[in-house]
Amino acid sequence: MNTLNFDNQFVKQLPVDKVEENYPRQVQGACYSWVKPKHMQAPAMVAYSTEAAELLGLTEQDCESSSFLNVFSGNEQLDGMQAYASCYGGHQFGNWAGQLGDGRAINLGDIINQQGERWALQLKGAGPTPYSRTADGLAVLRSSIREFLCSEAMYHLGVPTTRALSLVTTGEEVVRDVMYDGNPAPELGAVVCRLAPSFTRFGHFQYYAQQESGLLKQFVDYTISTDFPHLLKAGAELDKQTYLTWFQEVCDTTCDMIVGWMRVGFVHGVMNTDNMSILGLTIDYGPYGWLESYDPNWTPNTTDSQHHRYAFGQQAQIAHWNLYQLANAIYSLIDEVEPLEKILNGYAEKHQCQWNLMMVQKLGFSKVLGDDADNDVVQTLFAFFAEHETDMTLFFRQLIQLKTADFSQAIELLSVSFYAEIMNEKATALLKEWLTKYHQRTTADPTTQEQRQTLMQRVNPKYVLRNYLAQQAIEKAEQGHYAMVHELMSALKNPYDEQPQYEHLAQKRPDWAKHKVGCSMLSCSS
Ligand code: AMP
Ligand code: MG
């Protein structure tokens, strides 16, 4: 543990809040406030990720040590650690929310590992900070399990994400009103330690842009030199062109992340600008969910149940909207609308291209055809999904085995992914139409069947963190049984492999889970 090599550029380079006491306040002219994690009564280990630990050069033995437990529950600080909470703002559900900040995240500093990579360490749920507003800065076991499991699952799926190192219970009670219906109840407290090269959000830039001149430029320059060092030109000052190249990269990585979400059926649930990472990482796992039946309008977030702003099919557009807000924030450094608009327009085009490529790969084609042939195949499939409730993950996984356009053979193969038993006339006709088109398209494709299957197996996961499985693991953990948390961790390490021993974790949602709180409906209370 003492080998961690702290570098802490954030606190070294950026201005600090002059007030040192820990009470809620508005902070101006500073990027962070010093704050110590709260002392927890009885920390206990639930799980840690050996792959994430490796990023810090920590061994399994380190992770099993009492020092690890103490440090990552917030009870002990290592030499070199400098704990702080950062200040940011953001648009929440389309409205400017003013100052937000790390209200229940406490940064411990960033290290440089043996490979020369920077990893920032952050505790979530380790107590109040100056940015906690009226809340307690704590997190409950239920939401911490969700953050821990999903971060690592996303990583293994190949979707850019912040990582999760550890999950501990604190031995303290945290009161939450889960459904915001006037029934607060005590729950078990927990702390997750997450890792990322940086936890900077669009909202950081937005907030600093509204303050006295200088802070925004200082923060942008810091970000480029620390998180985007490849954009620096030796000896040269950062200029307009560097800022534009940087913004272009943010648009590109954001686009890649969204296409990754669409590929695996992930719905973030709260794509506010304060939940958008400048590195294009999936960040802040709250009321997220995984598509069961393919439904672009689906959102797991009960706060969004009326407007569906952050529904599955909206995510690319919302990311675009968020990038507009970032462009507005950094505008003063560029002072020209046109080049920013050009990059923003490029995002829409790039997304369309990437999305097309992703869809044809899911279907097993080697490349996108120039004409509308692919679009027709894809749209006919979506028309079928709209008519007949179909599990997205299972459907694409089963499709790998499809060899002919024969309707009854296809039904035999694909029906495990259907939620409704009876297929109506329209759905039957659509599936038949689609099978014919799909068969024609695969026959025209230059790849062999074997190559196609290999390609499909790499992009269509068999194992995702199904909503009802996460909820079952939570309910067991709340009774003190962590075996299912560990089982899910293990299965989700190899999401594209068959893993017959985990077959029971690759089943469609059972009926009981369809409308159950925690499975299909999640509140922001965490
Ligand atoms: P989120 O919706 O989780 O992204 O959080 C939005 C803002 O609320 C951020 O500034 C969080 O730090 C803050 N926040 C959320 N939950 C808590 C909590 N339990 N205590 C303090 N701040 C919180
Ligand atoms: Mg957040």
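# Close-up views of a predicted model

**View 1. L55 lies in helix α2.** The model shown here and in the other views is predicted. Helix α2 covers residues 50–55. L55 counts as buried because its relative accessibility is 16%, and the cut-off for buried is under 20%. Along the sequence, 47 residues separate L55 from N8. In space, their C-alpha atoms are 17 Å apart.

**View 2. N8 has a positive phi without being a glycine.** The phi angle of N8 is near 55 degrees. This residue belongs to the segment before α1. Helix α1 itself spans 9–13. Is N8 buried or exposed? N8 is buried, because its relative accessibility is 4%.

**View 3. D335 also has a positive phi, and D335 is not glycine.** Its phi value is near 65 degrees. D335 sits in a loop between two helices, α9 and α10. Helix α9 runs over 315–334, and α10 takes up 337–363. D335 counts as exposed because its relative accessible area is 53%. The cut-off for exposed is over 50%.

**View 4. Ligand 1 sits in the largest pocket.** How many residues surround ligand 1? The number is 17. The closest are G101, G103, R133, G137 and N275. By type, the shell around the ligand holds four nonpolar, six polar and seven charged residues.

View 5. On its own, ligand 1 has 480 Å² of accessible area. The protein covers 81% of that area.

**View 6. The side chains of D221 and Y243 make a polar contact.** D221 is part of helix α7, residues 215–227. Is D221 buried or exposed? D221 counts as buried, because its relative accessibility is 18%. The cut-off for buried is under 20%.

**View 7. S213 lies in the loop between α6 and α7.** Helix α6 covers 202–209. S213 is exposed because its relative accessible area is 73%. What separates S213 from Q115 in sequence and in space? Along the sequence they are 98 residues apart. From C-alpha to C-alpha, the two are 37 Å apart.

**View 8. T129 occupies the loop between β7 and β8.** Strand β7 spans 118–124, and β8 spans 139–140. T129 is buried, because its relative accessible area is 1%. M489 is 360 residues from T129 along the chain. A distance of 31 Å separates the C-alpha atoms of T129 and M489.

**View 9. E498 lies in the segment after α17.** Helix α17 runs over 483–491. Its relative accessible area is 38%, so E498 is partly exposed. In sequence, E498 and Q457 are 41 residues apart. In space, the C-alpha atoms of E498 and Q457 are 9.5 Å apart.

Conventions. Residues are numbered from 1 along each chain as its sequence is written. Chains are lettered from A and ligands numbered from 1 in the order in which they are written. This is a predicted model: local features need pLDDT of at least 70, side-chain atom pairs count only at pLDDT 80 or more; totals for chains, interfaces and linings use all residues. Side-chain values use heavy atoms; hydrogens and water are left out. A residue is near a molecule or strand if one of its heavy atoms lies within 4 Å of it. Accessible areas come from the Shrake-Rupley method with a 1.4 Å probe; for residues, only the protein chains shown count as cover. On a 1 Å grid over the protein atoms alone, a cavity is a set of points where a 1.4 Å probe fits but cannot get out, and a pocket is an open set with protein on both sides within 12 Å along at least five of seven lines; lining residues have an atom within 4 Å of a point. A molecule sits in a cavity or pocket if more than half of its atoms lie within 2 Å of its grid points. Ala, Val, Leu, Ile, Met, Phe, Trp, Tyr, Cys and Pro count as nonpolar, Asp, Glu, Lys and Arg as charged, and the others, Gly among them, as polar. Helices (H or I, at least four residues) and strands (E, at least two) are DSSP runs, numbered from the N terminus. Buried means under 20% relative accessible area, exposed over 50%, partly exposed in between (1.4 Å probe, protein chains only). A polar contact is a pair of N or O atoms within 3.5 Å; within protein, one must be able to donate a hydrogen and the other to accept it, and residues adjacent in sequence count only if both atoms are side-chain atoms.
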